[in-house]
Amino acid sequence: MAIENLFKDEATEEKGERARMASFIGAMAIADLVKTTLGPKGMDKILQSTGRGQSVTVTNDGATILKSLHIDNPAAKVLVDISKVQDDEVGDGTTSVVVLAGELLREAEKLVNAKIHPMTIISGYRMASECARNALLEKVIDNKLDAEKFKEDLMNIARTTLSSKILSQDKEHFAKLAVDAVMRLKGSTNLESIQIIKKTGGALTESFLDEGFILDKKIGVGQPKRIENAKILVANTAMDTDKVKIYGARVRVDSMAKVAEIEVAEKEKMREKVQKIIGHGINCFVNRQLIYNFPEELFADAGVLAIEHADFDGIERLGLVTGGEIASTFDNPESVKLGHCKLIEEIMIGEDKLIHFSGVAMGQACTIVLRGASPHMLDEAERSLHDALCVLSQTVNDSRVLYGGGYPEMVMAKAVDELAKKTPGKRSHAIEAFSRALVAIPTTIADNAGLDSAELVAQLRAEHHKEGSNAGIDVLTGSVGDMAKLGISEAFKVKHAVLLSATEAAEMILRVDEIITCAPRRREDRM
């Protein structure tokens, strides 16, 4: 006897072909959504939230677009996750990874329709990805030992990364900013010490790199505007208790004089606290919370610069770069680690005053100040620059570089094609399909630039069958160009991560043969 219903009423299940179909369609739809943002001529998307304020984001960064989508299809969620991981891991290639996974599934769908079992396809894809990886490894260039050439490589990678973003018009300027900032890190991949401040107004080209640390705050009234050889105490403590707050307190007294006594006592407590803080031998005090007028006055009298309400990111980073720790009690000064820097002064950027700490203990710290016409522009510029910084900091550690512009995909496709010819059995169809999926990336780059992709990719394939060719698509002239001369380079780590993540995601989705959606939980009527 067959069981009628195994699941609750509202639970749904898709089986076999239908489940596979749903997965393929969801994944391909996501890939098609971000496909138009790929490459130097990719388009932007506007994302509008439905929440309060209806905030608008204009971006062509794959991970940002996918992060903002609320998706119902489970296979599409897998692709969103791989683009997030790609963003966290290497910073760039977030669109490529989704497009490649989508193309692999598009090819797999044709094979499944031709009655080839998913496991055969997966086994073919595995062989193909291994072969493609080896082909990439043969073509890497490593200039780690030659500092001049390595810096040129970094500049090329930065230019290539930025050319598909909003900063492409001023990519020379920003590539230099990014490379200088990353070179200061001396091989660390901790981007915490590079701070990005966004200030509206001015043109993008007025952005600059500043050694040291800039805090987005004003210096208070009557306080020293410039301090040399500063000793900084970074704190998170309440400095606003010198008045009796009416709202929080209930005080019963028999005359007003008593209230005055309480206020005097509160003031004394505050004075003691300030004395303890000054007793650390500091000349700059940065607090996370408010500082009221009375303690501010005491600090000003003692010649200590007091900065209140510094945002949490600000004080965390300030502690990091000046070598201090965030303190909240001040009874034993010897255990508190103070921060040090050579000079604190007030600077103007546009209309705003900011506080500049230069000569900080952590030599690699620097601040990039971005200028731009509107907040949307600045947000997108920050995302673009962050991508470039991530890629560069990874390249400093793993200095292998490849040419860009569809060159690596063609190299991999050629090697995979050779493998397909040698492989007997049905797997060879899957290996051929893998090669077709790889060619989809240069095809998309050409399509997005409004070029004739079929013509260009055919020319590119012919070029690659010659020995030692460096051919790739030159989008600006709309023809096949020499990537070495044009200086279009990409980090090996990015391409490697794209290849592996996309293949694994496609495999995972291919294995699906049933989708079960749970019944929603009902709220019981508690009447």
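Which residues have the most contacts inside the largest nonpolar core, and how many residues does that core have?

Modeller: This is a predicted model, in which local features need pLDDT of at least 70 and side-chain atom pairs count only at pLDDT 80 or more, while totals for chains, interfaces and linings use all residues. Residues are numbered from 1 along each chain as its sequence is written, and side-chain values use heavy atoms, without hydrogens or water.

The largest nonpolar core has 100 residues. The residues with the most contacts inside this core are Leu79, Ile121, Tyr125, Ile368, Leu389, Phe434 and Leu510. Such a core is a set of buried Ala, Val, Leu, Ile, Met, Phe, Trp, Tyr and Cys residues joined through side-chain atoms within 4.5 Å; buried means under 20% relative accessible area with a 1.4 Å probe, protein chains only. Taking Ile121 as an example, and leaving aside its neighbours within four places in sequence, one finds it in contact (heavy atoms within 4.5 Å) with Ala108, Leu111, Val112, Ile116, Ala430 and Leu510.

Helix α13 covers residues 427–448, which is 22 residues. From first C-alpha to last, α13 reaches 32 Å, close to the 32 Å expected at 1.5 Å a residue, the expected span being 1.5 Å times one less than the number of residues. At isoleucine 441, α13 bends by about 25°, an angle between axes fitted to the seven residues ending there and the seven starting there. A proline, proline 442, follows within four residues of the bend. Because 16 of the 22 residues of α13 are buried, this helix is largely enclosed by the rest of the structure. Just after α13 comes glycine 450, with a positive phi of about 75°.

Helix α16 is mostly covered as well, with 15 of its 19 residues buried. Its reach from first C-alpha to last is 27 Å, close to the 27 Å expected.

Of its 527 residues, 48% count as buried. Among contacts between residues at least 6 apart in sequence, 75% join residues at least 24 apart. The C-alpha atoms fill a box of roughly 95 × 75 × 40 Å along the principal axes.

Note on methods. Helices (H or I, at least four residues) and strands (E, at least two) are DSSP runs, numbered from the N terminus. Buried means under 20% relative accessible area, exposed over 50%, partly exposed in between (1.4 Å probe, protein chains only).
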